[in-house]
Amino acid sequence: MENTLHIGLIREEKTPHDNRVAFSPRQCQWIMQHYPHVKITVQPASYRCFTDAEYSRAGITLAEDLSHCQILLGIKEVPADKLIPGKTYLFFSHTKKKQPHNKKMLQTILEKDITLVDYECLVHEDGQRILGFGFFAGVVGAHNGLQAYGKKTGLFSFKPVHACHDFQELITHYFGVKLPPLKIVATGSGRVAAGILEIMGLLGIKYITPEEFLMNQYAYPVYTQLKAGELYLRKSDKTYSRDDFHAHPEAYECRFLPFVTASDILMNGIYWEQRIAPLFTWADIAKDNFRIQVIADITDDTNGSVPCNIDDSTIEDPVYGVDRISRQKTAPYLPGTIDMMCVSNLPNELPRDASQYFGDQLMKYVFEDLLRPDSQLINNATIVKAGKLTPKFDYLEDYAR
Ligand SMILES: NC(=O)c1ccc[n+]([C@@H]2O[C@H](COP(=O)([O-])OP(=O)(O)OC[C@H]3O[C@@H](n4cnc5c(N)ncnc54)[C@H](O)[C@@H]3O)[C@@H](O)[C@H]2O)c1
């Protein structure tokens, strides 16, 4: 058919290889049934969370050569030598903050007359991002944090999430689990926080208001959640306004400190940047009354909102210790350490569910726009159009040349 729109799902070539994908086999099937002029081709990959055979069984064509496709969908950055001239690419480019390691890629995108639409820049009218993997980062991070506490105390044990086929298997794994009394403080209110709360619900951990959490002890596991409004107050008048906080975070102080003496585990899911005050300081960590033993820093900024996040950890080896006095990295689970879970690619432990969720959001809120010749949503997220920086992103000129 002449006006067929060919979409390709590219193989993730960045190393280490990412196992996620923009559409599952069933989602590809659904799209082709509902949009007869759209045809999807999948580039084979041995490490993708859905196998080539699963795409084949769903009736999706697999092909190494995607040169017939107008639109190519990936997840992570595409190595410069793999970029096909003249195509429209969608992926997380990590270029809008002039990230040095992606400079060469952006230069090549300009040279090869490519159009780059960045998933991160696709936003709803109120400015909220449409696409993200935060929910499953929260799920996996909360699980890993609990697992670390179980290992530290010797009180319980879970299997790693990446050993589960999918989220459904993880849920089954939780049946009959009885956790000891413990107190968890979770921070944030976005997707990551929603994932943390999902695990709290699945394990029957009871919600307690922040005020009660600080005052009481419980004979069963409990958690509280601190959103930005509970975490930060303007120094001048002790109030909180969301817009003002987003614009002037440096004018706000952090109110987390009382929770360090009342919690066993911190699950950190806030949005953070340099101008935002950290949750506590090294001096607080060294004090005898610092009760937190395990920190699942899902936000995961090294030396960021959690000062004792001094390094990234990996899915294979997710936890390290930090000595509270010497501030040095140690083996985990020693007396006197805080045990840190600082994995930056948590959704890769549940790639099938994370991909499926991503594809759902893409289908619901972006796909129709992608098919239109002139969509405001897509235009706003287009960093490069046919080899030229768009006006919104022309501040990247010096970085890209
Ligand atoms: N470790 C991992 O694998 C992993 C995976 C995904 C996300 N993350 C990180 O977790 C953190 C939270 O992610 P998320 O998916 O929950 O984000 P989100 O976009 O769903 O939510 C972010 C929250 O921060 C608020 N926010 C947005 N802009 C802000 C600003 N300028 N100042 C203050 N607050 C602002 C929003 O209102 C929202 O409540 C991010 O730092 C993200 O990078 C880590």
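The legends below describe close-up views of a predicted model. Local features are reported where pLDDT is at least 70 and side-chain atom pairs only at pLDDT 80 or more, while totals for chains, interfaces and linings use all residues. Residue numbers start from 1 along each chain as its sequence is written.

**View 1. The open sheet that contains β7.** Eight strands are arranged in the order β8-β9-β7-β12-β13-β16-β14-β15, and the pairing is mixed. Helices (H or I, at least four residues) and strands (E, at least two) are DSSP runs numbered from the N terminus, and two strands pair if DSSP finds at least two bridges between them. The edges are β8 (206-207) and β15 (329-330); each has a single partner strand, so one side of each lacks a neighbour in the sheet. Helix α4 packs on the sheet and touches β12, β13 (294-297), β14 (319-323) and β16, with its direction at about 160 degrees to that of β13. Helix α6 also packs on the sheet, touching β7, β9 and β12, and its direction makes about 165 degrees with that of β9. Axes are lines fitted to C-alpha atoms, for helices over the stretch in contact, and angles run from 0 to 180 degrees between N-to-C directions. Contact between two residues requires C-beta atoms, placed from the backbone, within 7 Å.

**View 2. Strand β7 and its two partners.** In β7 (residues 183-187), 5 of the 5 residues are buried, so the strand is largely enclosed by the rest of the structure. A residue is buried if 20 or more other C-beta atoms lie within 10 Å of its own, exposed if 12 or fewer, and partly exposed in between, with C-beta atoms placed from the backbone. In a regular strand, side chains alternate between the two faces of the sheet. Lys183, Val185 and Thr187 are buried on one side of β7, and Ile184 and Ala186 are buried on the other. β7 pairs with β9 (residues 222-226) in the parallel sense over 5 bridges, and Thr187 stands opposite Leu226. β7 also runs parallel to β12 (residues 265-268), joined by 4 bridges. Here Ile184 stands opposite Ile265, and Val185 has Leu266 as its bridge partner.

**View 3. The shell around the ligand.** The ligand is surrounded by 25 residues, the closest being Gly134, Ala137, Gly190, Val192 and Tyr271. The elements giving two or more residues to this shell are α4 (134-153) and α6 (191-202). The most come from α6, which gives 3 residues. A residue is near a molecule if its C-beta atom, placed from the backbone, lies within 6 Å of it. By type, the shell has 12 nonpolar, 10 polar and 3 charged residues.

**View 4. The surroundings of Cys342.** Cys342 lies in the loop between β16 (337-341) and α11 (351-365). It counts as buried because it has 26 C-beta neighbours inside 10 Å. Beyond its neighbours within four places in sequence, Cys342 is in contact with Asp297, Asp300, Asn309, Asp311, Asp312 and Ser313. Val319 is 23 residues from Cys342 in sequence and 7.2 Å away, C-alpha to C-alpha.

**View 5. A second open sheet.** Here 8 strands follow the order β3-β2-β1-β4-β5-β6-β17-β18, with mixed pairing. The edge strands β3 (61-62) and β18 (388-389) each pair on one side only.

Conventions. Nonpolar A, V, L, I, M, F, W, Y, C, P; charged D, E, K, R; others polar.
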